[in-house]
Each structure stands twice: as structure tokens, then as C-alpha cells.
Amino acid sequence: MKASSKATGYLFSLALVAVATIVCEFIRPYLVPTNMVMVYQLAVVIAAVKLGLRPAIATAFIGVLAFDFFFVPPRLTFSVHDKEYLVTFSGFIVIGVIISSLVAKVRKQSQEQARLSQQAEQARILQAQDNLERALLNSISHDLRTPLVSIKGAISALRDKEGDRLSSHARHELMETAYDEAERLNRFVGNLLDMSRIEAGAIRLNIEPCDIQELVGCALAAMEPRLGDRAVLVDLPAGLTLVPLDMVLLVQVLVNLLDNANKYASDHSPIEIRASVDDERLSIAVSDRGPGVSEPELARLFDKFYRIAVPERVGGTGLGLSICKGFVEAHGGKISAKNRDTGGLTIEIQLPLAGRKEET
Amino acid sequence: MTHTHDSTGQQRILVIDDEAAIRRFLHSALSSEEFYLHEAESGHGGLSAAAAFRPDVILLDLGLPDLDGIDVIRRIREWSDVPIIVLSVREREDDKVAALDAGADDYLTKPFGVGELLARIRAALRRSQKHADEPVFRSGDLMVDLTMRHVLADGIEIQLTPTEYDLLRLFISHAGKVITHSQILKQIWGTAYQEQSQVLRVTISNLRKKIERDPSRPRHITTEPGVGYRLRIQD
């Protein structure tokens, strides 16, 4: 491969000299031979820029021979009558070599620069991956360990001999803590599994006609223990609306959106779910009456491991919304967030139905 | 399965799970005056224990090292109707459906609470040991008189279409247990309707509108996403 490209380089040198010779033949009636050297010098410069150092020097030498043979009297021989031409020849060669090496140096520098910027780009990508991996490790060590700390602490307090002196109220509190934290740990492991399925492109959709009311009902049932006494206002299309989607994934999306709203909503304020269907799409919006999200943070909301700056009580894995994004996109849909005029955040998902909706 | 429980009055539970920690936890949580536990740590061990120990209910982990859990269910079903409750992890909805369609009675998603497990075990035992169909089904504010075909929700008589009534009766005969979509379709509409899941969705929706106080938060017929439906038994 390399040898053949080298050979091609020298063939191009020959071709350049041939072109220069033809040009000189045309201008021969108007110029003395010494000035034709300029045309050959041009061929050397072109060879230096396009082909590199060695083909350029080769062009210079072949050029001298061609010039001597075709144009230096006596023509069509290599002999030279006027010895002054020998000065012209050596001048030509020296200038050709100098130009060639200068051009070659410039070429090499620009190639190196390109390589350097390529390396910088690769380093930047590696850095970004590194940051993500670090975020992942931080998240895992924090989110796995925090519940484990509470679980182990609570259970060891109950298990140790010292545990006997605990009041029944304290024992109850410790057991509740261990139970709640085990639930949290389980959710985090579930989130990690969902995320890895999305990352691996291993989402297999199981599309079936689903009743929107049933979908919302399942999400609310799953969220019930976490919602406590928070009200959820539900606004769904009247009558039965069946839409083709993967119910298991969409329930998970709604649970994550409700969980997110529940974390950020101010005390006792309700969460709202609104769904609408037209011929083209299903839209479901979940809104809270919390603090909302600053404009620069809105765009990053669906990034992996992104957590907006929040009070410590709002523990989250930073995965919930990116999982929503992954599942919605697996349906060919879109997810977006915007602040409400009245305060709080609305996250809306839109799934294309492409005329597959069935109404009864 | 004619054998019910032994002379001490204890119900016999066979646990088939390869995880020692889970067997240990189940042993401590379930062993009592009410239940006697036998443990098997593999599919083959479970199959021979099912024949030798004659359990009243089997708790089966689907992820066994030697045999596919679904095969264990099929091989037990060749000779026994003993209730089988499958213990499975969350993200394998397909496995749950396959296990139920192969003849499992119910499933529990790991990790589960003991309260939930006890409720499932008792519901399974009640179904397998009841001698004759009870003429009246009661659960929460729902009352169904199966001899008179009367349905009352919150004390008010409800008019159901014949299909809705058949569906409700199917749920009552499997009360507390999950039924897969394909099982319902086959029983109510026949094998030709196996793929007609929207027919099922429509009927469920209509039935819920009639018997649930808030159809968007059903208390009687609950949905198990990706698996099927369950008629919950309430006090």
C-alpha cells in the first residue's frame, strides 16, 4: 500500500515535468530558455505542496534533464553549448531543494497540528466519559451505601444485647427506618437495571392496546405508599381510550414522573396529571406546585445522574428522568420540561400514535 | 391433590430456592404453629420433595441452577394440582406470564414483605381446600350472589351484561389470584380470541365503571401491568 503510493508520487513528478515541458514548448517562440526554468520551478513547488519532499526533489532533477534535453541548445540532446546554463541548472536544483524542504516542513507541521487537535478531541471525549463514570461511581457508592448504612445501623441496634434497653417506640422507629431504606435501595437497583437496559439498547417493546385510565391507575397504585396524603388531580379523556403502547414501561415512566413531582412539590400541594389523545399523539403531563427549575437546568434535567441543587431531604438517584427519556424515546416519543406560569414544573411526554389509536 | 394437612393441623409448605439466605429467611418467617416448612435447593430436589413431602403449597424460585422453573411447574402439574406460588424478580414480566400460563397459581416479586407472602399463601390454600363453591362472594363493598346472579356494589344492585358477569364470576373463582390476559380470553371468549386483547380491555373498563367507586383507582379488580388482572379479597 505504502510502496504503491510512493510509486504514484514519482509518477506524478514525471507527469508534472511533462506538463511543464508542453507549456514551455508553447511559449518557446516568446521566451529565452533561461526563463523557462520558472515553469519547471512551478512544477517543483506543486510537487512539494501536493506530494512531499522526495517527489519534489525528483521533480527538480527530472525537470533539469527535460529542460536541458528539450530547450537548451543544441536541442534534443543532453549536451550544452553555452556553459552558463550549468549555473542555471545548479541554481534551479538548489532553489528546488530549498523550496521542497521548506514546503515539506510546513506540511509536516500542519499535519501534526491536525493530529494534535484530533488527540485533544479524543481526550475531551475520554474526559467526558470519565466524568460520567465518576458520576456513576459516586452515585452508586452514595446511593447504595446510604440506605445500607441505615439498614445495618438499625438492625445492629436491634440485634445487639444493648437493644434490650430500647423503648418499644425506638425499636419500632428502627424497624421502620430499615424497611423504608430497603425499599429505597430496591428502587435504586431497579433504576440501575433500567438504565443499563436503555444503555445497552436492550429495550424490547411489548405494544398492546392500553386503557389510559388503567395506565394512570397502575402508576397511582404503585406510588400510593410514597404519596402519603398528597392529593393527585387526574384529568383524563372522557370515555375509554385505548392506545397502543408498552404498558409496563409507561407505568414506570409515570411512576418516575409522579415520584419526581412528589419530591419537589411544596407541602400539601396537589400533583396534577393531565392526558389527552388526538389522531397523532398521546400527551401526558405531570405538574407540581414546587419551586420549578432554573432555565439553564431545564435542559439538563434528563441527563444521567443530574440532580438539581435541592435540600438534603430530596434524595434521588438522578436516574428517574433519564429513564423516562429512554423509555419514551423507545416508543419514538418526546419528553420535555417547562416551568409553569403559576409556579412549579410540568413534564410532558408525547407518544406518536400514527393513526393506530382505537376508540370505543 | 386430596391430601390437605397432617394431624397436627399444620399446613405443609415446600420452598424450592437455591439461595440459602432466602431459605433461611423464609424458614424463620413462616415456621409456626400454622406452617411446617420443607426446603429444596434445586429443581430436581424440589420435584422429588413435591412427591415425597406432599406439600399443601409450593414456593418456587424461577431462577434455579439445574432446571428451568417453568419446567418444574409443568412437571408438577402432570400429576398434582398443589398451589404453586412463584417467587420472581421484577423485570421479568415474560417469565411471570409463562409461569402462570404453565400452571402456577400466583407470583410474588422479589423482594417481598412477609405480610404479602402470608396473604398469598392463605389465599392459595383457601382456593385449593374449599370443598364446594360458596354461594355468596363478599369482598369490601362488593357482594355477588352466585346462585341468584345478583351483584351488589356499596349496597346497590348492579346490572351486568352476560359477558361482564361471566368475567366477574371467573375472577371470583380465582379470587386473590392473578389471571393472565390469555387465560381470561380463552375462558370467556374462546381460543379464537387469544389475540383480541382490546375486547378484554373494553370489558374490564366497563366492569370497573360498574363495580368500582373510582375506576381510575380500582380496589376490586387490580391490574398487574404486563401480566394480567387480580380480584383482590378485602375484609
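This is a predicted model: local features need pLDDT of at least 70, side-chain atom pairs count only at pLDDT 80 or more; totals for chains, interfaces and linings use all residues.
Chain B contains eight helices and twelve strands. The chain comprises 235 residues, for which a compact globule would have a radius of gyration near 18 Å; the value computed for chain B is 18 Å, which agrees with that expectation. The C-alpha trace of chain B extends over about 50 × 40 × 30 Å along its principal axes. Of the 235 residues in chain B, 34% are buried. Among contacts in chain B with a separation of 6 or more, 55% are between residues 24 or more positions apart.

Strands of a sheet pair through backbone hydrogen bonds, in either a parallel or an antiparallel manner. In chain B, five strands form an open sheet with parallel pairing, in the order β2-β1-β3-β4-β5. From one strand to the next, the twist averages 20 degrees.

The pairing of β1 (residues 11–16) with β2 in chain B is parallel and runs over six bridges. Within this pair, B:Ile16 is placed opposite B:Ala40 of β2(B). Two helices of chain B that pack on the sheet may be described in turn. Helix α3 (residues 69–77) of chain B touches β1, β3 (57–61) and β4 (84–89) of chain B, and the direction of this helix makes about 155 degrees with that of β3(B). Helix α5 (residues 114–129) of chain B also packs on the sheet, where β1, β3, β4 and β5 of chain B are touched. The direction of α5(B) makes about 170 degrees with that of β5(B).

The contact between the chains is considered next. Chain A contributes 23 residues and chain B contributes 17 residues. On the side of chain A that touches chain B, the elements giving two or more residues are α5 (168–199), β1 (208–211), α6 (212–227) and α7 (247–264) of chain A. The largest share of this side, seven residues, is supplied by α6(A). Classified by residue type, the side of chain A that touches chain B has 13 nonpolar, six polar and four charged residues.

Methods
Residues are numbered from 1 along each chain as its sequence is written. Chains are lettered from A and ligands numbered from 1 in the order in which they are written. Two residues are in contact if their C-beta atoms, placed from the backbone, lie within 7 Å. Helices (H or I, at least four residues) and strands (E, at least two) are DSSP runs, numbered from the N terminus. Ala, Val, Leu, Ile, Met, Phe, Trp, Tyr, Cys and Pro count as nonpolar, Asp, Glu, Lys and Arg as charged, and the others, Gly among them, as polar. The radius of gyration is taken over C-alpha atoms; the globule rule is 2.2 Å times the number of residues to the power 0.38. A residue is buried if 20 or more other C-beta atoms lie within 10 Å of its own, exposed if 12 or fewer, and partly exposed in between; C-beta atoms are placed from the backbone. Two strands pair if DSSP finds at least two bridges between them. Axes are lines fitted to C-alpha atoms, for helices over the stretch in contact, and angles run from 0 to 180 degrees between N-to-C directions.
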